[in-house]
Amino acid sequence: MDLLKMELLNVPQLPSNPLFVSLILLFTLLIWLKLAKRKHLNLPPSPPKLPIIGNIHQLGKLPHRSLRDLSRNYGSLLLLHLGCNPTLLVSSADMVREILKDHDVVFSDRPSSTATNILFYGCRDMAFAPYGEYWRQQKKLSVVELLSHRRVHSFQFVRDEEVELLINKIRRACLKGESINLSEMLMLVSSNIVSRCVISRRSEEEEEDGCCKFGQLAKNTVVLLASFCVGDLFPYLRWVDVLTGYIPRLKALFGELDSFFDQIIKEHTTLKTDDQVSNKDFISIIMQLQKDGMLEIDLTNIKAILLDMFVAGTDTTGATTEWMMAELLKRPNVMKKVQEEVRNVVGNKYKVDMEDINKMKYLKCVLKETLRLHPTVPLLVPRQTSASVELGGYHIPSNITILINAWAI
Ligand code: HEM
């Protein structure tokens, strides 16, 4: 009778099938167990956060400084919530050692972002590739071929020529009593050196159609990579990045970079191998390895690796040299000691060579101190856990972003 009433009133009936009831009970039990487990997990401490944005407001204009202050107050392992991204902040050398030595595989992934996905062909480059066979191949390519001591040495002539051009420019300006913009000049030297090593072209050279300089494209890449992307912190707001023009700008830049690399690769394909035997640039080395079957990569991977080298090599070198000059100008006594060392070592010779530089111990100390005070990538390149792991007595969940504050350490 009751059943009939319910049917007439259109009330949904709960199925009385025992299997269904058991499934619901099992499901509830699993959720309860998961919540209870999470409660008992010993997660790293978190500073107080705001609803929705979490700890984003605590990043400030100079995140490495603000994060250093947070870690001083709350500890060297902190769990932050940057929008929807749980992020582990690491600010102690011991913890970094544990990450890189004991748990290197778990911490070898990089989180992908909107910009890295678009610009680096879906993270098929060296820096952002996920851990796996391709990742291993890329690290080998870097250590054994592209950035080996032997290879760096083989490009000494490029550094010599570019530095000579810089010194001549400064000399000419001095003779005319003109001022110089050293920051711009240092950035250009660094950009030209990287560009010549990677693709045998100076970055300030005009394209054939005269429309744009590659140096400018590389600069735009760095700017867009460092720009704020709403969708990376709040995936459900990804559409905002289309409205603000961020994603369209990334896609336009990608188009320009892609056709530039296509053109360079085409030029290199038509070059005879003999032309390149002595001073191979990165692109010919990669293409040769690919041809010999030593490297399983396609054109897209090559283009992504080339972009890596430009982005990673240019600003880092340029900014470090600029900081070194700024620190020397602020400390005339140190500047004097460096000048004395250079004069003592070089004497009346016209040019400074590598052998001379190797003898300049004080200059090397100044450079190392500059790298310590002003690391150009203060939070390093973020990593991501591929599994949960125990670190410093805390439980670190899988799939969270890892920021290492190298500057604070
Ligand atoms: C003063 C100069 C430089 C500094 C301070 C510097 C610093 C760094 C730092 C901190 C990282 C991230 C490491 C990590 O988080 O695991 C990195 C990665 C990288 N750097 Fe440099 N770098 C410099 C010059 C260069 C140059 C000249 C090149 C190449 C032409 C280069 C190529 C790379 C590449 C390819 C990566 C990614 C490596 C990977 O993920 O396996 N860097 N660099």
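Which residue just after α3 takes a positive phi? In this predicted model, that residue is Gly-75, with a phi of about 125°.

The model is predicted, with local features needing pLDDT of at least 70 and side-chain atom pairs counting only at pLDDT 80 or more, while totals for chains, interfaces and linings use all residues. Residues are numbered from 1 along each chain as its sequence is written, and side-chain values use heavy atoms, leaving out hydrogens and water.

**View 1. Helix α3 and its cover.** Helix α3 spans residues 63-74, helices being DSSP runs of H or I with at least four residues and strands runs of E with at least two, numbered from the N terminus. From first C-alpha to last, its 12 residues reach 16 Å, close to the 16 Å expected at 1.5 Å a residue. His-64, Ser-66, Leu-67, Arg-68, Leu-70 and Ser-71 of α3 are buried (under 20% relative accessible area, with a 1.4 Å probe and protein chains only). The cover over these buried residues includes β1 (77-82), β2 (85-90) and β6 (401-404).

**View 2. The shell around the ligand.** Of the 16 residues around the ligand, those that come nearest are Arg-110, Lys-139, Ala-312, Val-381 and Arg-383, a residue counting as near if one of its heavy atoms lies within 4 Å. Helix α16 (residues 299-330) gives the most to this shell, with six residues.

**View 3. Oxygen atoms of the ligand.** A side-chain N or O atom of Arg-110 is 2.8 Å from a ligand oxygen atom, and a polar side-chain atom of Arg-383 lies 3.0 Å from a ligand oxygen atom. At Val-381 a backbone N or O atom lies 3.2 Å from an oxygen atom of the ligand.

How values were computed: A polar contact is a pair of N or O atoms within 3.5 Å; within protein, one must be able to donate a hydrogen and the other to accept it, and residues adjacent in sequence count only if both atoms are side-chain atoms. The expected span of a helix is 1.5 Å times one less than its number of residues. Buried means under 20% relative accessible area, exposed over 50%, partly exposed in between (1.4 Å probe, protein chains only). Contact means heavy atoms within 4.5 Å.
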